[in-house]
Amino acid sequence: MNPDRRRLLRASAGALLVLAVRPVGAAADASPNVIAVRMWPAEAYTRVTLESDAPLTFKQFLLRNPDRLVVDLEGVELNSELQSLAGKLTAADPNIEKLRAGRFKPGVVRLVIDLKTEVKPQVFTLAPVSDYQHRLVIDLYPAAPADPLLAFLDEQRSPAPTPEPTPVQRPATVARDSLKVDRLVTVVLDPGHGGEDPGAVGPAGNHEKTVVLQIARRLKALLEQESNMRVVMTRDGDYFVPLGTRVRKARAAKADLFVSIHADAFVRPDANGSSVFALSERGATSTAAKWLAQKENEADLIGGVKIDTRDLHLARTLMDLTQTATINDSLKLGKVMLGELGNINRLHKAQVEQAGFAVLKAPDIPSVLVETAFISNPAEERKLVSDDYQQRMANALYQGIKRYFAANPVPPGTKVAQR
Ligand SMILES: [Zn+2]
């Protein structure tokens with residue numbers, strides 16, 4: 001059933017019940033209750049989420065010396081959930097020093113967040129989606145971002161610039177020799193989901209976001225053994241990164257390859273195997289691919305992103321650009337990866353599939369999305385959480401990436417990272 005319709009039915013059923021049991025004249029209690037509080041600390045930003053059974057009304061203001069953010073929640077009673085917030089703070093939180101929730105005046109709960117550094121807060125609400133009810137999201141971005149990507153870019157900028165390379169074609173006959181590249185190859189690894197968005201959840205309760213991060217870290221370690229390879233992760237922790245930001249990070253790092261790592265789910269528990277996807281310019285190769293792309297693209301709704309018109313503009317621009325050459329390279333990469341994955345797991349589909357995944361839309365970076373296995377399948381879920389299988393999966397992807405660069409050497413010269 002359409003979720004809006006279901007909610008409407010549930011809401012009207014509730015209203016009828018209230019009318020039936022309440023004495024005539026008593027107003028229905030419409031004030032929201034906070035039903036869960038969560039914190040997601042990360043270097044890039046810390047997120048505080050308040051989930052409630054009705055939309056929250058709030059006011060916010062920043063105070064300096066010392067830096068703190070105050071959020072007043074209106075028409076809310078202080079309850080045990082709100083009081084539990086202070087206990088969820090860890091000393092390692094890069095952005096929050098201390099936080100407390102208290103009754104400010106009748107009907108207003110005041111949240112005071114003492115900050116470790118100057119922040120740019122974004123406070124916004126999210127409508128119910130997936131398993132979540134109404135959410136108030138407080139994102140605290142450091143004013144001077146300590147983003148690992150920025151640190152990496154600074155590193156990239158510091159060496160003396162290499163002289164402009166003389167144009168060289170890629171002679172097919174000496175492809176073997178050109179394995180020796182004269183610049184660093186940048187591979188961006190993109191562990192799917194994170195933070196508020198768990199991705200698919202296995203029957204034993206394991207989260208896609210966790211296993212894909214573990215596999216990505218193993219793959220990073222393997223790639224970094226290569227003297228000519230650099231790895232940038234779109235996230236290296238349990239926090240939410242919008243899909244558009246993942247693409248922008250890859251472009252800012254001037255990535256030569258983008259590999260998004262996921263674990264599949266299906267309603268039938270016996271669905272199994274690995275698959276690899278590339279972007280499709282027009283339409284998906286199968287209805288299953290289209291369905292999966294829609295599901296993965298929902299990450300922004302579930303994880304919660306403040307819609308930015310610049311993102312919409314960027315998305316449109318990227319889609320308008322001709323991506324044929326990049327998609328061809330993505331298909332080549334996908335094909336060698338499938339070859340390697342076939343050695344360690346059954347292939348769900350023998351060919352690289354194509355669909356409109358938002359995260360694959362960098363027009364100039366060969367990009368693939370790997371569904372490592374089905375976390376919804378009990379046997380594959382057990383494999384996905386095991387050290388041994390994670391290492392074999394990382395190794396298969398590593399071999400695939402090496403084979404791709406062996407057959408398609410990067411053009412010589414320095415690709416200077418930009419922001
Ligand atoms: Zn996923």
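Which residue forms a salt bridge with K349, and how far apart are the closest N and O atoms? The partner is E353, and the closest N and O atoms of the two residues are 3.8 Å apart, where a salt bridge is a side-chain nitrogen of Lys or Arg within 4 Å of a carboxyl oxygen of Asp or Glu. K349 is partly exposed at 31% relative accessibility, whereas E353 is buried at 7%; buried stands for under 20% relative accessible area, exposed for over 50% and partly exposed for what lies in between, with a 1.4 Å probe and protein chains only.

The model is predicted, so local features need pLDDT of at least 70 and side-chain atom pairs count only at pLDDT 80 or more, while totals for chains, interfaces and linings use all residues. Residues are numbered from 1 along each chain as its sequence is written, and side-chain values use heavy atoms, with hydrogens and water left out.

**Salt bridges**

| Pair | Closest N to O distance |
|---|---|
| K349 and E353 | 3.8 Å |
| D114 and R100 | 3.3 Å |

The bridge between D114 and R100 links distant parts of the chain, with D114 in strand β6 (residues 108–115) and R100 in strand β5 (residues 96–105), 14 residues apart; helices (H or I, at least four residues) and strands (E, at least two) are DSSP runs, numbered from the N terminus. D114 is buried, with a relative accessible area of 15%, while R100 is partly exposed at 40%. R251 is partly exposed at 35% relative accessibility, and D364 is partly exposed at 41%.

**Zinc site**

The zinc ion is coordinated at 2.0 to 2.5 Å by H193 (NE2), E208 (OE), H262 (ND1), E296 (OE) and E296 (OE), where donors are N, O and S atoms within 2.8 Å of the metal (3.2 Å for Na, K and Ca), and sites may look incomplete since water is not among the atoms. E208 lies in helix α4 (residues 208–223) and H262 in strand β11 (residues 257–264), so this pair ties together parts that are 54 residues apart in sequence. E208 is buried at 2% relative accessibility, and H262 is buried at 5%.

The structure holds five aromatic pairs, counted when rings of Phe, Tyr and Trp (its six-membered ring) have centres within 6.5 Å, with planes under 30 degrees apart taken as stacked, over 60 as edge-to-face and the rest as tilted. The ring centres of F277 and F357 are 5.2 Å apart and the planes stand at 65 degrees, so the pair is edge-to-face. F277 is in strand β12 (residues 275–279) and F357 in the loop between β13 (353–355) and β14 (367–374), 80 residues apart. F277 is buried at a relative accessible area of 2%, and F357 is buried at 1%. The rings of Y404 and F405, with centres 5.5 Å apart and planes at 65 degrees, are likewise edge-to-face, and both residues are buried.

Helix α11 (residues 387–407) has 21 residues, and its buried residues include Y389, M393, Y404 and F405.

Conventions:
Expected span 1.5 Å × (residues − 1).
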